[in-house]
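Please keep the sequence and the coordinates in view while reading.

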Amino acid sequence: MKKTVATLLNQQVNKELYSAYLYLEFNNMLADMGLAGFAHWLRIQVMEERDHAMLFYDYLHHNNQKVELEAIEQPKTEAKTVMQILQASLEHEEFITDSIHNIYEAALKEKDYRTKGFLDWFVKEQGEEENNFHTLIDKVKILGEDTKGLYVLDRELATRVYVAPSLTIT
Ligand code: OFO
């Protein structure tokens, strides 16, 4: 594996762990607001981000690359309301999508078709991640951000079930 690709994959481990940390902060804020269903939904998102980090980590090991674990930044957010949390989450996913596309470009440039194949799953996954937050934002718009609207959606979000990633490193 070329150094440029390995470095970007290594950085992605940190970005995915930061994603988990950011969503843990949102889980924290939502739990404090008494929105247990929203908090639960974000808690599952934390688990998915941890899974993503581990997939990049395992992929690097599988390709005999050294992984360097870097410090995970403190999550910083200006979001205060439910809608602001969801919008900040969507913006973060768009940032992660760009980051994955950037590695994809580097892999193609280096003719690293194995990494390209690995990243195909993430390209699709990012479509789902962005769509999940778009859908939630739409639902909050429809139901309203008043206590009754949030109560209805909170009950629905409490039913989210964790599903392990379909991708495995072999
Ligand atoms: Fe790992 O997909 Fe969200 O950030």
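Asn27 counts as buried, at 10% relative accessibility; buried means under 20% relative accessible area, exposed over 50%, and partly exposed in between, with a 1.4 Å probe and protein chains only. This is a predicted model, in which local features need pLDDT of at least 70 and side-chain atom pairs count only at pLDDT 80 or more, while totals for chains, interfaces and linings use all residues. Residues are numbered from 1 along each chain as its sequence is written, and side-chain values use heavy atoms, with hydrogens and water left out.

Asn27 belongs to helix α1 (residues 3-32); helices (H or I, at least four residues) are DSSP runs, numbered from the N terminus. The Asn27 side chain reaches the backbone oxygen of Ala39 at 2.8 Å. Setting aside neighbours within four places in sequence, Asn27 is in contact with Ala39, His40, Leu42 and Arg43, where contact means heavy atoms within 4.5 Å.

Apart from its neighbours within four places in sequence, Leu86 is in contact with Phe133, Leu136, Ile137 and Val140.

The charged side chains come next. Side chains of opposite charge can pair when their charged atoms come close. A search of the whole structure finds seven salt bridges, each defined as a side-chain nitrogen of Lys or Arg within 4 Å of a carboxyl oxygen of Asp or Glu.

One of them joins the side chains of Glu48 and Arg160 (3.2 Å, N to O). This pair links distant parts of the chain, 112 residues apart: Glu48 is in helix α2 (residues 36-62), and Arg160 is in the segment after α5 (147-157). Both Glu48 and Arg160 are buried.

Another salt bridge brings together the side chains of Lys139 and Glu156 (2.6 Å, N to O). Because Lys139 lies in helix α4 (residues 113-143) and Glu156 in helix α5, the pair ties together parts that are 17 residues apart in sequence. Lys139 is partly exposed, with a relative accessible area of 28%, and Glu156 also counts as partly exposed, at 37%.

The side chains of Lys76 and Glu73 likewise meet in a salt bridge (3.6 Å, N to O). Lys76 is exposed, with a relative accessible area of 58%, whereas Glu73 is partly exposed at 49%.

Notes:
Helices (H or I, at least four residues) and strands (E, at least two) are DSSP runs, numbered from the N terminus. A polar contact is a pair of N or O atoms within 3.5 Å; within protein, one must be able to donate a hydrogen and the other to accept it, and residues adjacent in sequence count only if both atoms are side-chain atoms.
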